[in-house]
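Here is a short briefing for a first look. Keep the sequence and the model side by side as you read.

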Amino acid sequence: MALEHRQTPSASGQYRERLERYLGAILQRDVPLHEWDRHKRLPVFLARLYRFFETRIGHTSLLFMAARQAGNHTPAEIRKHVDLAKPEFDGVVVYSAERLTASSRARLIATGVAFAVPGNQLYVPELATDLREHFRGPRPERPDKLSPSAQLVLFFHLLRNARDQPRTPTELADLLPYSNMTVGRAFDELAAVGLAQVERRGRKKLLWFRAEGRLLVDTAKTFLIRPERRLDHVRWLQEPPELPLAGEHALARLSDINPPATPPVFAVTPGQVRDFLDDGRAEKCEAADDSDGTLETWRYDPSVLARNRMVDPLSLFAKFWDDPDKRLSMAVDRLMGQWAL
């Protein structure tokens with residue numbers, strides 16, 4: 001059965017206001033929604049079908065996909081749309097519409113799709129758990145690992161920004177592929193793990209790091225995440241694009257270890273992999289030995305810090321510093337010792 005909609009939102013602002021009022025009434029707090037500026041990275045047809053708003057409630061980041069007009073998309077189709085948006089957003093993606101039938105709501109719940117119907121129903125299991133922790137229980141002193149956005153802010157500071165302390169979220173958002181809100185959350189996260197201090201001057205939020213250079217890297221290393229989230233072996237069907245070399249191949253270029261005998265590994269974003277496959281520029285293959293190379297999909301955009309067609313040394317450190325292969329962990333440690341941070 002197709003989803004049913006009572007009416008079409010006449011304008012982005014009107015629908016956003018109704019959703020804000022509804023969330024505020026349910027949660028008994030202000031929930032401002034902001035336009036999500038990364039929707040251009042999604043397939044074009046999604047931008048035609050949805051408006052995108054982001055917010056943060058408790059510890060949870062939310063992206064609302066608000067249906068633009070009445071349509072005949074089934075819950076299975078909506079699940080596919082939500083899954084296409086998830087790799088580009090570090091949080092929970094929520095489908096939003098004017099009205100859903102009872103059967104459609106049940107099918108979305110069964111397939112694990114969060115949804116919001118202004119004035120009617122809010123189904124976000126992650127948010128329910130988060131609100132219990134945020135309002136009824138003790139707040140965790142610090143996260144176990146950095147989020148992708150916090151790690152990119154840290155590495156950007158070390159490699160590009162060290163002499164320009166402090167910075168505001170607005171200033172960094174102009175330089176990084178994140179919104180002001182996401183950078184502000186990264187500030188709070190870096191302060192929570194003790195790497196930085198957040199200072200408020202009037203309405204401005206400023207970030208100061210407590211150390212610099214190798215000392216900051218060593219202090220941060222147990223909180224770092226491996227940048228890659230998946231690997232895809234591919235054959236190029238057209239001229240391959242210029243991509244930053246990654247993984248052990250990049251480490252060999254920057255250190256004294258021998259390069260692996262396998263085809264090269266390149267760092268990419270989820271959107272790049274999708275574009276290469278959809279445009280017929282590449283096809284997947286099962287084994288590395290049968291491929292022209294491997295695409296290493298990263299949790300943050302590798303091009304922000306890449307130089308000379310090579311991923312940045314700090315992301316290599318995050319990947320290899322505790323690698324069980326001592327040859328790799330020792331090589332990246334020597335690299336950090338030589339790098340002028």
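**Strand β4 and its neighbours**

Strand β3 (residues 60–67) pairs with β4 in the parallel sense, over five bridges. This is a predicted model.

- Val 94 has Ala 114 in β5 as its bridge partner.
- Strand β4 covers residues 92–96, and five of the five are buried, so the strand is largely enclosed by the rest of the structure.
- Both faces of β4 are covered. Val 92, Val 94 and Ser 96 are buried on one side. Val 93 and Tyr 95 are buried on the other.

**The four-strand sheet**

- Four strands form an open sheet, in the order β10-β12-β9-β11. Its pairing is mixed.
- β10 (265–268) and β11 (282–284) are the edge strands, and each pairs on one side only.
- From one strand to the next, the twist averages 40°.
- Strands of a sheet pair through backbone hydrogen bonds, either parallel or antiparallel.
- β10 pairs with strand β12 (residues 293–298) in the parallel sense, and four bridges link them.
- Ala 267 has Glu 296 in β12 as its bridge partner.

- Where does Thr 269 lie? Thr 269 sits in the loop between β10 and α11 (270–278).
- Is Thr 269 buried or exposed? Thr 269 has a relative accessible area of 8%, under the 20% cut-off, so this residue counts as buried.
- Leaving aside residues up to four places away in sequence, Thr 269 touches Thr 297, Asp 301 and Pro 302.

**Helices α12 and α13**

- Two packed helices are described by the angle between their axes and the distance between the axes.
- Helix α12 (residues 313–320) packs with helix α13 (residues 326–338) at an angle of about 150°. Their axes are 9 Å apart.
- Angles over 145 degrees count as roughly antiparallel, and α12 and α13 are therefore roughly antiparallel to each other.
- α12 passes α13 in a left-handed crossing.
- On the α12 side, the contact is made by Pro 313, Leu 314, Leu 316, Phe 317 and Phe 320. On the α13 side, Leu 328, Ser 329, Val 332, Leu 335 and Met 336 take part.
- This contact of α12 with α13 has nine nonpolar residues, one polar residue and no charged residues.

**Helices α10 and α12**

- Helix α10 (residues 247–254) also packs with α12. The angle is about 120°, and the axes are 10 Å apart.
- That angle makes α10 oblique to α12.
- α10 and α12 cross in the left-handed sense.
- Which residues of α10 meet α12? They are Gly 247, Glu 248, Ala 250, Leu 251 and Leu 254. Their counterparts in α12 are Leu 316, Lys 319 and Phe 320.
- By class, the contact of α10 with α12 divides into five nonpolar, one polar and two charged residues.
- Leu 316 and Phe 320 of α12 take part in the contact with α13, and both also meet α10.

Technical notes:
Residues are numbered from 1 along each chain as its sequence is written. This is a predicted model: local features need pLDDT of at least 70, side-chain atom pairs count only at pLDDT 80 or more; totals for chains, interfaces and linings use all residues. Side-chain values use heavy atoms; hydrogens and water are left out. Two strands pair if DSSP finds at least two bridges between them. Helices (H or I, at least four residues) and strands (E, at least two) are DSSP runs, numbered from the N terminus. Axes are lines fitted to C-alpha atoms, for helices over the stretch in contact, and angles run from 0 to 180 degrees between N-to-C directions. Angles under 35 degrees count as roughly parallel, over 145 as roughly antiparallel, 65 to 115 as roughly perpendicular and the rest as oblique. A crossing is left-handed if the near helix is turned anticlockwise from the far one by less than a right angle, and right-handed if clockwise. Contact means heavy atoms within 4.5 Å. Ala, Val, Leu, Ile, Met, Phe, Trp, Tyr, Cys and Pro count as nonpolar, Asp, Glu, Lys and Arg as charged, and the others, Gly among them, as polar. Buried means under 20% relative accessible area, exposed over 50%, partly exposed in between (1.4 Å probe, protein chains only).
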